[in-house]
Amino acid sequence: AGSQAAKSATGQPANAGTTARLGPASDIIYTAQLTVRAANVSSAAARAAQITGAVGGYVSNETTSADPDHPSQAIATVQLKIPVASYQFILGQLAGGLGTQLSLQEQAQDVTQQVADVNSQVASDQAAIVQLRALLAHAGSVGDLLNVQNQINNEESALEAMQAQQRALSHETSYATVTLTILGPKAKPVVHHPKAPPS
C-alpha cells in the first residue's frame, strides 16, 4: 500500500500536467490570401521564402509570369506553409516587409469535430481488425477463413483511407497556408473570384 501511495503521489503532478496540456483545444485550418506590390518580384519571392523558412515553414508551390521586355509587369504567386504557432507573426512580416500591401483576406475553419470523427473511426477500424484476427484463429472451415480474411482486408483498406485523412488533417491544422501574390510596379492586380461552396 505504501508503494502504491508513493506512485500516486509522484504520478499526480505528471498527470495533472498532461491534462492541462491536452485541455480543450480546437483544430483550426488557417488560410490567407495576401497581395503585395514590390519593386522586384523575384527578390520579394526569395525574401518571402526566407522569412517562412526561418520558422520551419516552406514553399509548397510557386509560379512566376514575367516578360523579359517588361520586368515591371512580372507577377509571382507563392504558396507558403507556415507553422500555426508562427502564422500571425509571419503574416505580419510578409505584409509589411516585401513591399506595399494591396489586399489581405484571412479564413479560419474549425475542423475539431472532423478530426475527432476521423480519430474515432481510426480507433474503431483498428479494434475491428483485432477482433477479426481473433476470429480468424478460431475459424473452422475454409469458407469461414476466406470470409473473415475478406472482412479483414476490407477493414484494413478502410483503415488506410482513414489514416491518410488523419495525416492530411494533422498537416493542415499544423501549417497555415498563405497564398502570396507579388506584383511588379506596373503589373495589374489579379482578381480572385471566390469559389462557390460545394452544393
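Biologist: What share of the 199 residues in the protein is buried?
Modeller: Happy to start there: this is a predicted model, where local features need pLDDT of at least 70, side-chain atom pairs count only at pLDDT 80 or more, and totals for chains, interfaces and linings use all residues. Residues are numbered from 1 along each chain as its sequence is written, and side-chain values use heavy atoms, leaving out hydrogens and water. Buried means under 20% relative accessible area, exposed means over 50%, and partly exposed lies in between (1.4 Å probe, protein chains only). By that rule, the buried share of the protein is 26%.

Biologist: And what percentage of the accessible surface belongs to carbon and sulfur atoms?
Modeller: Accessible areas come from the Shrake-Rupley method with a 1.4 Å probe, and for residues only the protein chains shown count as cover. The total for the protein is about 12500 Å², and the part belonging to carbon and sulfur atoms is 54%.

Biologist: In what order do the elements run from the N terminus?
Modeller: Helices (H or I, at least four residues) and strands (E, at least two) are DSSP runs, numbered from the N terminus. The protein has 5 helices and 5 strands. Read from the N terminus, their order is α-β-α-β-β-α-β-α-α-β.

Biologist: Why do H4 and H5 count as roughly antiparallel?
Modeller: Axes are lines fitted to C-alpha atoms, for helices over the stretch in contact, and angles run from 0 to 180 degrees between N-to-C directions. Under 35 degrees is roughly parallel, over 145 roughly antiparallel, 65 to 115 roughly perpendicular, and the rest oblique. H4 (residues 112–138) and H5 (residues 142–174) have axes 9 Å apart and pack at an angle of about 155°. H4 and H5 are therefore roughly antiparallel.

Biologist: How many charged residues are in the contact of H4 with H5?
Modeller: Nonpolar covers Ala, Val, Leu, Ile, Met, Phe, Trp, Tyr, Cys and Pro, charged covers Asp, Glu, Lys and Arg, and the others, Gly among them, are polar. The contact of H4 with H5 has 15 nonpolar and 9 polar residues, and the charged ones number 4.

Biologist: Is Ala-128 buried or exposed?
Modeller: Ala-128 lies in helix H4, and its C-alpha atom is 7.3 Å from that of Glu-155, 27 residues away along the chain. Because its relative accessible area is 18%, Ala-128 is buried.

Biologist: Which residues of H3 make the contact with H2?
Modeller: H2 and helix H3 (residues 87–97) pack at about 160°, with axes 10 Å apart. That makes H2 roughly antiparallel to H3. On the H2 side the contact involves Ala-48, Ile-51 and Thr-52, and on the H3 side it involves Ile-90, Gln-93 and Leu-94.

Biologist: Where is Asn-40, and what is its relative accessibility?
Modeller: Asn-40 is in the loop between strand S1 (28–37) and helix H2 (41–53). Its C-alpha atom is 8.6 Å from that of Leu-183, 143 residues apart along the chain. Asn-40 counts as partly exposed because its relative accessibility is 39%.

Biologist: Which residues is Thr-63 in contact with, leaving aside neighbours within four places in sequence?
Modeller: Thr-63 is in strand S2 (residues 58–67), and it counts as partly exposed at 45% relative accessibility. Contact means heavy atoms within 4.5 Å. With those neighbours set aside, the partners of Thr-63 are Ile-75, Ala-76 and Thr-77.
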